[in-house]
Amino acid sequence: MREVKETAAWRQNGFLALLALLLALLWLGWAGYRLLSEKELFYLWHLIPALLASGLLAAGLFTVQPNEAVALVFLGRYVGSVREEGFHFTNPLAQRKRVSLRVHNFTSDKLKVNDAHGNPIEIAAVVVWRVVDTAKALFQVENYQSFVAIQSEAAIRALASRYPYDAEGRSLRGNPEEIAEELKAEVQERLKVAGVEVLEARLTHLAYAPEIAQAMLRRQQALAVVAARRLIVEAAVGMVKEALQGLEAQGIALDEERRAAMVNNLMVALVAEAQAHPVMNVGTLYT
């Protein structure tokens with residue numbers, strides 16, 4: 001496939017061409033009036049070129065709106081694009097194709113894919129894009145808007161299959177900013193052939209598939225409970241250690257049995273979910 005790149009097309013000020021068109025119309029009116037009134041073939045030689053000039057000048061006039069471009073094709077060959085907004089005149093025989101340079105949003109449907117661990121998940125994303133090369137957008141892909149949609153969904157599926165939904169390392173749920181940057185880069189790589197620039201790509205929906213959602217929710221809850229318990233135990237151990245060191249600093253010496261009993265009581269009081277109830281010991285550990 002031959003690569004086509006955008007170039008600037010030949011154009012002239014449209015108002016100058018409009019003035020020339022008005023002169024051609026006056027010439028056409030004069031020649032027509034003289035031909036009808038005097039019935040002389042001499043005026044026919046004025047009428048034909050005046051009519052031809054008026055038609056060509058009128059056909060070559062066109063406008064370009066802000067953030068729009070017009071690509072010109074003459075006899076099957078791309079001859080350039082006009083990006084400057086305003087009133088222009090160009091080759092009247094060239095075919096004109098308008099391309100919007102405005103920013104577009106593409107929001108994908110919810111796609112059901114398997115993550116890196118094989119878990120079925122639902123994922124969707126929004127891609128913000130615009131055309132930066134009108135020649136590539138028109139002549140290197142069949143339909144650049146449809147191409148953007150299909151390639152964006154393909155990039156989303158590929159990205160979702162490379163990372164787990166949730167994990168201790170890098171994951172779709174745990175690293176949203178990094179995932180967004182990688183998704184943008186992958187979509188851009190796929191769309192550069194169409195002359196499209198990706199401004200932003202970000203996940204808009206991420207969830208486990210309905211058939212495993214409840215099971216994975218219980219798994220997440222269990223992991224959260226284990227993590228919380230681990231934190232509580234680590235903090236309790238530190239508090240007990242500080243308590244024993246504080247007693248020793250005050251000159252209160254405990255034998256191994258009393259130390260073990262104190263550690264046991266403190267750990268139960270600090271770690272237990274239920275509120276601790278003090279028990280008055282009227283005896284001794286040695287009786």
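Which residues in α4 meet which in α5? Select Phe147, Val148, Gln151, Ser152, Ala154, Ala155, Ile156, Ala158, Leu159 and Arg162 on the α4 side, then Ile179, Glu182, Leu183, Glu186, Val187, Arg190 and Leu191 on the α5 side; contact here means heavy atoms within 4.5 Å.

Before going on, know that this is a predicted model, where local features need pLDDT of at least 70, side-chain atom pairs count only at pLDDT 80 or more, and totals for chains, interfaces and linings use all residues. Residues are numbered from 1 along each chain as its sequence is written, and side-chain values use heavy atoms, with hydrogens and water left out.

Now show α4 (residues 144-162) and α5 (residues 176-191) whole: their axes sit 9 Å apart at an angle of about 135°. The axes are lines fitted to C-alpha atoms over the stretch in contact, with angles from 0 to 180 degrees between N-to-C directions.

Next, pick α1 (residues 14-38) and α2 (residues 44-59), whose axes come within 8 Å and cross at roughly 150°. That makes α1 roughly antiparallel to α2. Color the contact residues, including Trp27 and Trp30 of α1 and His46 and Pro49 of α2.

Finally, zoom out: the protein chain has seven helices and 10 strands, which are DSSP runs (H or I, at least four residues, for helices; E, at least two, for strands) numbered from the N terminus. Of its 287 residues, 32% count as buried, meaning under 20% relative accessible area with a 1.4 Å probe, protein chains only.

Notes
Parallel < 35°, antiparallel > 145°, perpendicular 65-115°, else oblique. Buried < 20%, exposed > 50% of the residue type's maximum accessible area, 1.4 Å probe, protein only.
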